[in-house]
There are 2 protein chains.
Amino acid sequence: MAIVKPSLAKGTRDFSPLEMERRNFIFNTLKRIFRKYGYSEIQTPSFENLATLTGKYGDEGDKLIFKILNSGDYLSKVSNEAWNERNSNKLIPHISEKALRYDLTVPFARYVVMHQNDIALPFKRFQIQPVWRADRPQRGRYREFYQCDVDVVGSDSLLNEAEFVLIYWEALKELGLKDFTIKINNRKILTGIAEILGKPELIVDMTVAIDKLDKIGLEGVNKELLERGFTEEDLELLKPIVLLGGTNLEKLESLKKVLASSEKGMQGIAEIETVFAYIDAFKVDETLLEREVEVDITLARGLNYYTGCIFEVKTNEVAMGSIGGGGRYDDLTGMFGLKGLTGVGVSFGADRIYDVLEELSLFPEATVVSSKILISNFDKTLESYTISLLTSLRKEGIAVELYPVAAKLKKQMSYADAKGIPFVLLVGEEEVESGLLTLKNMESGEQIKVKLSTLIEMMRG
Amino acid sequence: MAIVKPSLAKGTRDFSPLEMERRNFIFNTLKRIFRKYGYSEIQTPSFENLATLTGKYGDEGDKLIFKILNSGDYLSKVSNEAWNERNSNKLIPHISEKALRYDLTVPFARYVVMHQNDIALPFKRFQIQPVWRADRPQRGRYREFYQCDVDVVGSDSLLNEAEFVLIYWEALKELGLKDFTIKINNRKILTGIAEILGKPELIVDMTVAIDKLDKIGLEGVNKELLERGFTEEDLELLKPIVLLGGTNLEKLESLKKVLASSEKGMQGIAEIETVFAYIDAFKVDETLLEREVEVDITLARGLNYYTGCIFEVKTNEVAMGSIGGGGRYDDLTGMFGLKGLTGVGVSFGADRIYDVLEELSLFPEATVVSSKILISNFDKTLESYTISLLTSLRKEGIAVELYPVAAKLKKQMSYADAKGIPFVLLVGEEEVESGLLTLKNMESGEQIKVKLSTLIEMMRG
């Protein structure tokens, strides 16, 4: 067997102990909060039948799906005709039946349809699993990354939307973020604006242009709007929308004036007002609605997909794209033949949140990567004593290890140091006789004498 | 877009909320214990470069590795020569560069080699991730399943072996198993026997035959041994090994007599004795070594791989294959060019353990699948009260949800029932006025009146 110098597949990462603990800190925080709001965990397989995924993400998306080669003599099923064409794309369905999960939404839709007889509606689920995309890898973009999705299907109550705002708020606060914005928009408001202008096909162009107001000013935006196909007359109508400002309530009042003649548009505004009223009723924080929530009608993510409220979350402490988003979709499971099931959900970008917490040094210091205590090993004759210490400490749930062979103190210390073990218990003959153990704090260098019972209390605290 | 009736890819499973909670119970128990013994978590990517995996699992294994089709115009790299051959196997390296993880051992070896400069030896890691094999699916055998591996590399101390026995013991006890056997053997004992007989190539035949003693008796075993190439003379030598019985210590004494002339064999016995002495020193349980540990020289798993102690774990409460195994390997990383690094590790078969716990009804009853309380919703006007209750309860970490719209009691009750929500809080005008809430226990049907503060205390307990 030839020796291969090992490397990682392009766009993938190993997670070492410290990274794992930090990632677990994020995932566990999210899971705890999702559960508190009544969401249950599910998992779906890493690969699906190719037909389940194909056609759900657009042509570009289809290309980015990782296909799995059929096993065995996979070419035996290829017809001569298909073979002779020698066309990469056309050959795929002949040699591949399975593909890696591209997101969590489509597998969730499949799950709901297949389990429709065993699940109680509304069905509230969260799902934290890796997904894979054949994107060109670059800084911060990987071919394997985790998605954290939380969705409810089968309930059109706007209480759900309000709870997602609170879930974001609570999760980001618990992760240590101090300044973030939960943006909210509603697809129906955008539809209303399009109705009034009579230009539904230009909605995205409009939001793109308006989004640049801070950078290029009203004149710049107007110029761009004209270039993108709007008329001078449109500009007049759009002006209050481009310049939309003030508090959220003021924004909604301005929008009401512009959209008065659009039933759909007014419905979108009313939905946001209801969400806000629900949030108020939670009495979680008095200033949340003005400080952390922002009505932003340039928010157009997933425009072809979402049908009601749309969310996007940004941190204001670090330059970073959105760290989460989501919205209401009225037909999640239609692609699998189950019509009329409404859903709403949001997603947390775990990899980006990781980068933000790292940049802001927000990971808890106390994150235990390994043992809390290393017991020194100076002499084999002491092992019967030191080994019984292991049992006493582990019985109390304390993570502890004995250096596995008798070795020089320096070697053992540098092992503890390299692994980030915060305490070393020095046990020599003197300690065995007196029952007073020497505990060294690896950070401060301080050494104290403790009884086992005292040590246990210290480590528990 | 044509509507596809959805199905799962062959050999894969969805995990619904109850299954997830039960799986998490297993994983969390294992993780807690691994950490207590000083092991840290790592994760490796789901796919590796094909060359990293190929040739590590034998020819049969290679066939079972799922290969990922290259992205883009993957046929453009295929030479005319390779194309014209139209051979499934030979074409693979031309159209696939990546493959799904087949086990956790080879990726771990790759990890150790790539991170050799940042890890402190001994390196103690655990890893719980899915692996994929293109096996023919059948009852209890899946194409995607989880492995739970815990290994230490860079330490030849037999303290590690002793701790793995304790890890098995503690984990299986904590999972609720009452009768299980941790079998131990040593590769060197098998080598010693082969040395004495002068038939190293027949070791596996020997263990297979001896393993049938209970079923076919000494005569049957001898007959089979003769058929498998042993001589009458060998049978005489083997007799004490075939009939090896009594306590572990008695077995070791018998083996010492047979293997007296084999240095290697005596070394294997000494290693097991050392492991047992370590286990004694832990003073965890006085009878563990005779009740749960069993010297079994028919244990030959991974014979080409393991070089020292070998472990296998079985439950005696349910008919089921091994639920775990492992051993010492002296050259884990040699395949990637890093020589002389010894390791020892064990693995837990999570899927089988799940089946065992289910059959024995050992999953904790209290496993919370969803909210602990459903707050009823009878009238929109009550929502400002019921929503504030949500906040009060969630502040205390209690998982709670409000039925999202006003609906008939029956509908809300059957929702709670279907989701396994144990309590429903009935809130009508009377409750709002009096502040006394009606709490219904969904299992017993019992209803009591409680103040919010009492409710919080009850739910915490």
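Reader: A disulfide is a pair of cysteine sulfur atoms within 2.5 Å. How many disulfides does the structure hold over all chains?

Author: There are 0. This is a predicted model, in which local features need pLDDT of at least 70 and side-chain atom pairs count only at pLDDT 80 or more, while totals for chains, interfaces and linings use all residues. Residues are numbered from 1 along each chain as its sequence is written, chains are lettered from A and ligands numbered from 1 in the order in which they are written, and side-chain values use heavy atoms, without hydrogens and water.

Reader: Ok, is Cys309(A) buried or exposed?

Author: Cys309(A) is buried, because its relative accessibility is 0%. Buried means under 20% relative accessible area, exposed means over 50%, and partly exposed is in between (1.4 Å probe, protein chains only).

Reader: New topic: how many aromatic pairs are there over all chains?

Author: The count is 29. Rings of Phe, Tyr and Trp (its six-membered ring) pair if their centres lie within 6.5 Å; planes under 30 degrees apart are stacked, over 60 edge-to-face, and the rest tilted. One of the pairs is Phe34(A) with Phe126(A), which is tilted, at 5.3 Å centre to centre and 50 degrees between the planes.

Reader: Where do Phe34(A) and Phe126(A) lie in the chain?

Author: Phe34(A) is in helix α1 (residues 17–36) of chain A and Phe126(A) in strand β5 (residues 123–132), 92 residues apart. Helices (H or I, at least four residues) and strands (E, at least two) are DSSP runs, numbered from the N terminus. Both Phe34(A) and Phe126(A) are buried.

Reader: What sits over the ring of Tyr102(A)?

Author: The charged end of Arg133(A), 4.1 Å from the ring centre. The rule is NZ of Lys or CZ of Arg within 6 Å of the ring centre and within 35 degrees of the ring normal.

Reader: And how many salt bridges over all chains?

Author: The search finds 70. A salt bridge is a side-chain nitrogen of Lys or Arg within 4 Å of a carboxyl oxygen of Asp or Glu.

Reader: Which residue does Arg110(B) form a salt bridge with?

Author: Asp14(A), with the closest N and O atoms 2.8 Å apart. The pair crosses between chains, from helix α6 (residues 105–114) of chain B to the segment before α1 of chain A. Arg110(B) is buried at 0% relative accessibility, and Asp14(A) is buried at 7%.

Reader: Which residues are linked with Lys173(A) in a network?

Author: Asp285(A), Arg291(A) and Glu292(A), by salt bridges.
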